[in-house]
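Reader: I am new to this structure and would like to learn how to read it slowly, feature by feature. Could you take me through it, giving the general idea before each case?

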Amino acid sequence: MGQGFTPYKEKKGEEYMSEAMREHFAGILKKWRAELVEDMTRTVEHMQDDAANFPDPADRATQEEEFSLELRTRDRERKLIKKIDDTLQLIAENNYGWCDSCGVEIGIRRLEARPTATLCIDCKTLAEIKEKQTGL
């Protein structure tokens, strides 16, 4: 995600996840989504323009591997776009910014670092520890 945004400055006494905060995060998410869609479009165009039937099997294999890596990256980005869309829906429903596990505020700075975060740092840390212990 490009860091082309100004960090949010809370106003004295401002309620957590005020309309201004929600607009701030919606703007970050929409910009991030647009960048991902643009990257995906460029990849498709690149693959269409550069697709060649190389007579040399090594050249063909190199190109196929390059395309495979690009497609895997784009698949991850497609999943991220879905997560961004889900997060934008949470903002629209005024359900954004609270931990799915314990219900506390996730925090402005954590959300700026990871706008699609659904867990506070404590719950995320616990989830990662459990994941390492169980191997899931």
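Author: Let us begin with a single residue, bearing in mind that this is a predicted model. T116 counts as buried because its relative accessibility is 1%, and buried means under 20%.

Reader: Where along the chain does T116 lie, and which residues does T116 touch?

Author: T116 lies in the loop between helix 3, which spans 108–113, and helix 4, which spans 121–134. Leaving out residues up to four places away in sequence, T116 touches L29, W32, K83, I84 and T87.

Reader: How should I read the whole fold, and how many helices and strands does the protein have?

Author: The protein has 4 helices and 0 strands, and along the sequence this gives the pattern α-α-α-α. For the overall extent, one can compare the radius of gyration with that of a compact globule: for 136 residues the globule would have a value near 14 Å, but the protein has 20 Å. Taken along the principal axes, the box filled by the C-alpha atoms is roughly 70 × 40 × 25 Å.

Reader: What share of the residues counts as buried, and what share of the contacts joins residues at least 24 apart?

Author: Of the 136 residues, 29% count as buried. Among contacts between residues at least 6 apart in sequence, 56% join residues at least 24 apart. As for the surface, the accessible area comes to about 9200 Å², and 53% of that area belongs to carbon and sulfur atoms.

Reader: How many positive and negative side chains does the protein have?

Author: There are 22 positive and 28 negative side chains, and the centres of these two sets lie 5 Å apart.

Reader: What should I know about the backbone angle phi?

Author: Most residues other than glycine have a negative phi. Against that background, M17 has a positive phi of about 60° although it is not a glycine. M17 lies in the segment before helix 1, a helix that spans 19–50, and M17 counts as buried because its relative accessibility is 2%. Another case is N94, whose phi is near 60°, a positive value in a residue other than glycine. N94 is placed in the loop between helix 2, spanning 57–92, and helix 3, and it counts as partly exposed because its relative accessibility is 40%.

Reader: How is a pair of aromatic rings described, and how many such pairs does the structure hold?

Author: Such a pair is described by the distance of the centres and the angle of the planes. The structure holds 2 aromatic pairs. One of them is formed by Y16 and W98, with 5.2 Å from centre to centre and 90° between the planes, and this pair is edge-to-face. The pair links distant parts of the chain, for Y16 is in the segment before helix 1 and W98 is in the loop between helix 2 and helix 3, 82 residues apart. Y16 is buried because its relative accessible area is 11%, whereas W98, at 31%, is partly exposed.

Reader: Which residues does L111 touch?

Author: L111, whose place is in helix 3, touches Y16, M17, F25, Y96, G97, I106 and A117, not counting residues up to four places away in sequence. L111 and F25 are 86 residues apart in sequence and 8.0 Å apart in space, C-alpha to C-alpha. L111 counts as buried because its relative accessibility is 0%.

Terms used:
Residues are numbered from 1 along each chain as its sequence is written. This is a predicted model: local features need pLDDT of at least 70, side-chain atom pairs count only at pLDDT 80 or more; totals for chains, interfaces and linings use all residues. Side-chain values use heavy atoms; hydrogens and water are left out. Helices (H or I, at least four residues) and strands (E, at least two) are DSSP runs, numbered from the N terminus. Buried means under 20% relative accessible area, exposed over 50%, partly exposed in between (1.4 Å probe, protein chains only). Contact means heavy atoms within 4.5 Å. The radius of gyration is taken over C-alpha atoms; the globule rule is 2.2 Å times the number of residues to the power 0.38. Accessible areas come from the Shrake-Rupley method with a 1.4 Å probe; for residues, only the protein chains shown count as cover. Lys and Arg count as positive and Asp and Glu as negative; His and the chain ends are not counted. The place of a charge is taken as NZ of Lys, CZ of Arg, CG of Asp or CD of Glu. Rings of Phe, Tyr and Trp (its six-membered ring) pair if their centres lie within 6.5 Å; planes under 30 degrees apart count as stacked, over 60 as edge-to-face and the rest as tilted.
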